[in-house]
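Student: Please take a close look at one part of this structure for me. I would like to hear about the pockets and the helices around them.

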Amino acid sequence: MAPAEKSKKTVKKASKMKNPIEQLDCSPDVRTTADGEVISFEMSWATNLPQETADWAFDLFKENMFEMYSMSQWGWDPESKKNELGATTARFLIAKNEKGERIGYAHYRFDIDHDCAVLYCYEIQVLESYQKKGVGSIILKTLETLAEKTGMEKVMATVFAFNVKSLCFFHKLGYVNDVSCPDENQGLDYLILSKNVL
């Protein structure tokens with residue numbers, strides 16, 4: 001089987017799984033915040049998200065990212081973002097605190113990139129009150145384990161080149177510029193990062 005065909009088959013199989021985090025036991029060994037609170041996860045396809053949860057996800061995205069998008073070449077386009085978050089291929093990993101309150105999420109998809117099967121992390125958003133407590137790292141490590149256990153070659157993410165906080169976060173966890181990352185001469189204001197998991 002050609003590599004491209006094998007990748008497509010791998011992505012198709014992973015995309016059909018209802019709850020791969022639980023089915024493949026992808027939760028990290030350490031699921032506690034810096035101040036000792038235990039994090040739990042809820043997994044959902046975007047098409048199965050209750051409207052109230054979808055609204056919460058968009059509102060958190062807006063709260064955290066409105067300024068970044070407003071100053072970017074892409075600009076702020078709420079309808080486009082809502083469509084992206086609600087796409088049939090979109091998957092959500094929602095983090096909850098010990099009270100069962102939602103404190104953050106990842107929006108990810110299984111996809112093909114340059115004939116490789118990849119887990120593409122579209123968003124990691126965390127409530128401001130839970131930032132700098134390790135929640136984002138717990139979420140991303142869970143996605144990395146999921147990528148590995150579903151046969152993806154790497155985890156990828158797009159980050160604004162001027163989003164220093166986000167770049168530091170990904171670099172700290174071993175992400176580097178992907179082969180598909182635009183170079184400085186292209187005049188684009190984003191970077192494509194990746195980390196091999198296989």
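Tutor: Here are the pockets, then the helix pairs. This is a predicted model, in which local features need pLDDT of at least 70, side-chain atom pairs count only at pLDDT 80 or more, and totals for chains, interfaces and linings use all residues. Residues are numbered from 1 along each chain as its sequence is written, and side-chain values use heavy atoms, with hydrogens and water left out.

Start with the largest pocket. Its volume is about 1200 Å³. A pocket is an open set of points on a 1 Å grid over the protein atoms alone, where a 1.4 Å probe fits, with protein on both sides within 12 Å along at least five of seven lines; lining residues have an atom within 4 Å of a point. Volume is the space filled by probe spheres set on the points, which are joined across faces, edges and corners. The lining has 41 residues, and the closest to the pocket centre are Met65, Ile124, Gln125, Asn163 and Ser166. Two or more lining residues come from each of H3, H4, strand E4 (116-126), helix H5 (135-149), strand E5 (154-160) and helix H6 (164-172). These elements are DSSP runs numbered from the N terminus (helices: H or I, at least four residues; strands: E, at least two). By class, the lining holds 20 nonpolar, eleven polar and ten charged residues. Here Ala, Val, Leu, Ile, Met, Phe, Trp, Tyr, Cys and Pro count as nonpolar, Asp, Glu, Lys and Arg as charged, and the others, Gly among them, as polar.

Now the second largest pocket. Its volume is about 200 Å³. Its lining includes Ala54, Phe58, Lys82 and Leu85. H3 and H4 are the elements that give two or more residues to this lining. H3 gives the most, with five residues. The lining divides into six nonpolar, two polar and three charged residues.

Next, the H3 and H4 pair. H3 (residues 51-71) and H4 (residues 78-85) pack at about 135°, with axes 12 Å apart. Axes are lines fitted to C-alpha atoms, for helices over the stretch in contact, and angles run from 0 to 180 degrees between N-to-C directions. H3 is therefore oblique to H4 (under 35 degrees is roughly parallel, over 145 roughly antiparallel, 65 to 115 roughly perpendicular, the rest oblique). Phe58, Phe61 and Tyr69 of H3 meet Pro78, Lys81, Lys82 and Leu85 of H4, where contact means heavy atoms within 4.5 Å. This contact has five nonpolar, no polar and two charged residues.

Last, H5 and H6. They pack at about 50°, with axes 11 Å apart. Gly136, Ser137 and Leu140 of H5 touch Phe169, Phe170 and Lys172 of H6.
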